[in-house]
Amino acid sequence: MTRGEPGVPGRASTATEPDRYWLRQAIELSRRCPPSQTAFAVGALVVADDGSVLATGYSREGNPYDHAEEVALARLGPADPRLGAATLYSSLEPCAARASRPHPCAELIIDAGLRRVVIAWLEPPLFAAGGGAGVLRAAGVTVVEIPEFAAEARAVNATVVGGGAPASAPGAGTRRARRDP
């Protein structure tokens, strides 16, 4: 990898420098989320095995119920042959259950044929039990958590996990949280 090039995603259950780069990009996407007092701000991107970005998404991007992973995957055709070798990066563990849509993000990821997901932190059990990483692993998807990015991803969500309004979302402000508004 030369200076300035992010490189290709890792292939194993351990994080690589390119994985760290791409996860930082997912966290940056989460800063674009419209403010919410009742939903997490999440960013996601799908990166092909050659290091090209296939799709991006963030929570509430097009509607108040959008999840980041859902938005990114919707930008790709379900039969896109690149998905099987791609990696999905998400600033938060993909949801295992949701109230607003029939399919949680973990299920969408499995159905898309993705085999590897990299996350910054596990979904806190504020309103849902979390567990998306376990659902993915049970389906044979490799899940890599990079906890060194958890504090940064949590900071974007300060209004919902405590700690006041994040700089990217002025005016937001309660401690209630869930993935759906």
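**Close-up views of a predicted model**

View 1. Buried denotes under 20% relative accessible area, exposed over 50%, and partly exposed the range in between (1.4 Å probe, protein chains only). Helices (H or I, at least four residues) and strands (E, at least two) are DSSP runs numbered from the N terminus. The model is predicted: local features need pLDDT of at least 70 and side-chain atom pairs count only at pLDDT 80 or more, whereas totals for chains, interfaces and linings use all residues. Residues are numbered from 1 along each chain as its sequence is written, and side-chain values use heavy atoms, with hydrogens and water left out.

**View 2. The surroundings of L23 and S91.** Leaving aside neighbours within four places in sequence, L23 is in contact (heavy atoms within 4.5 Å) with Y89, S90, S91, V118, I119, A120, I146 and F149. S91 is located in the loop between strand 3 and helix 3 and is buried, at 1% relative accessibility. Not counting residues up to four places away in sequence, S91 touches L23, A26, I27, S30, A41, V42, G43, A120, W121 and A153.

**View 3. The largest pocket.** The largest pocket has a volume of about 160 Å³. Its lining consists of E70, L73, A74, L76, G77, P78, L83, L108, D111 and A112. Helix 2 (68-74) and helix 3 (105-112) each supply at least two of the lining residues. By class, the lining has seven nonpolar, one polar and two charged residues; Ala, Val, Leu, Ile, Met, Phe, Trp, Tyr, Cys and Pro count as nonpolar, Asp, Glu, Lys and Arg as charged, and the others, Gly among them, as polar. On a 1 Å grid over the protein atoms alone, a pocket is an open set of points where a 1.4 Å probe fits, with protein on both sides within 12 Å along at least five of seven lines; lining residues have an atom within 4 Å of a point. Grid points are joined across faces, edges and corners, and the volume is the space filled by probe spheres set on the points.

**View 4. The salt bridge between E70 and R101.** The closest N and O atoms of E70 and R101 are 2.5 Å apart in a salt bridge, defined as a side-chain nitrogen of Lys or Arg within 4 Å of a carboxyl oxygen of Asp or Glu. This pair links distant parts of the chain, with E70 in helix 2 and R101 in the loop between strand 3 (87-90) and helix 3, 31 residues apart. E70 is buried, at 15% relative accessibility.

**View 5. Further salt bridges.** The count by this rule is 10 salt bridges. R82 and D80 meet through their side chains at 2.7 Å, N to O; R82 is partly exposed at 42% relative accessibility, while D80 is buried at 15%. Salt bridges with shared partners join D66, E70, R98 and R101 into one network.

**View 6. The backbone at R60.** R60 has a positive phi of about 60° although it is not a glycine. R60 lies in the loop between strand 2 (53-58) and helix 2 and is buried, at 8% relative accessibility.
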